[in-house]
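Today I'm looking up aromatic pairs and nonpolar cores.

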Amino acid sequence: MTQADAQHGTPKPTIFAVLELLRDQPARVNLKVHHVDGAYTLRIARLEGAFPWHDHADAEEAWIVIRGRVRFRSAGGDAEAGPGDIAVSPAQLRHSPLALEDDTIVVVVNRRDFPLNYIDSEMSSEQANYVERELAEHT
């Protein structure tokens, strides 16, 4: 940044301390840390066990593994990802992420209004222990 930028209030990049933000959060709490261009949500989460089978009718979902390992079980076959790997689920793909290690940490990117459809029609987010929380100071 130039001296002129600093004098005119040019914003600087925002840093999100992912491990710090998740330190006191239980598994399956998705923290919405930022809305990219108002259209996409950047979420962070600690995974534990298997998430129920579901799909996103008309939305893709991308996962970046920060720590641990995840098996992405899907109707099309399974794939495993570890630190530094990115996994992308196409729209309509039935899938069930499974944390293979304790304290697995991921970043998830999807459309801000993405649909979450559980395959078991009796399932609810509450039963799945799935919670989304906004970080108000960053939205």
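This is a predicted model: local features need pLDDT of at least 70, side-chain atom pairs count only at pLDDT 80 or more; totals for chains, interfaces and linings use all residues.

Next I looked up how many aromatic pairs the structure holds, and I got 2. Phe51 and Tyr118 make one of them: their ring centres sit 6.1 Å apart with the planes at 40°, so I wrote this pair down as tilted. That angle falls between the 30 degree cut-off for stacked and the 60 degree one for edge-to-face.

Then I checked where these two sit in the chain. Phe51 is in the loop between β2 (40-47) and β3 (54-55), while Tyr118 belongs to strand β10 (residues 117-118). They are 67 residues apart, so to speak a link between distant parts of the chain.

On to Trp63 and Phe72. Their ring centres are 5.3 Å apart and the planes stand at 75°, so this pair is edge-to-face. I also looked up burial here, and both Trp63 and Phe72 are buried.

Which residues make up the largest nonpolar core? I found 11: Ala45, Leu47, Trp63, Val65, Val70, Phe72, Ala81, Ala87, Ala99, Val106 and Val108. At least two residues of this core come from each of β2, β4 (61-67), β5 (70-74) and β9 (104-111).

Another core lies apart from that one, with 9 residues, including Leu22, Val29, Leu31 and Val107.

Conventions:
Residues are numbered from 1 along each chain as its sequence is written. Side-chain values use heavy atoms; hydrogens and water are left out. Rings of Phe, Tyr and Trp (its six-membered ring) pair if their centres lie within 6.5 Å; planes under 30 degrees apart count as stacked, over 60 as edge-to-face and the rest as tilted. Helices (H or I, at least four residues) and strands (E, at least two) are DSSP runs, numbered from the N terminus. Buried means under 20% relative accessible area, exposed over 50%, partly exposed in between (1.4 Å probe, protein chains only). A nonpolar core is a set of buried Ala, Val, Leu, Ile, Met, Phe, Trp, Tyr and Cys residues joined through side-chain atoms within 4.5 Å.
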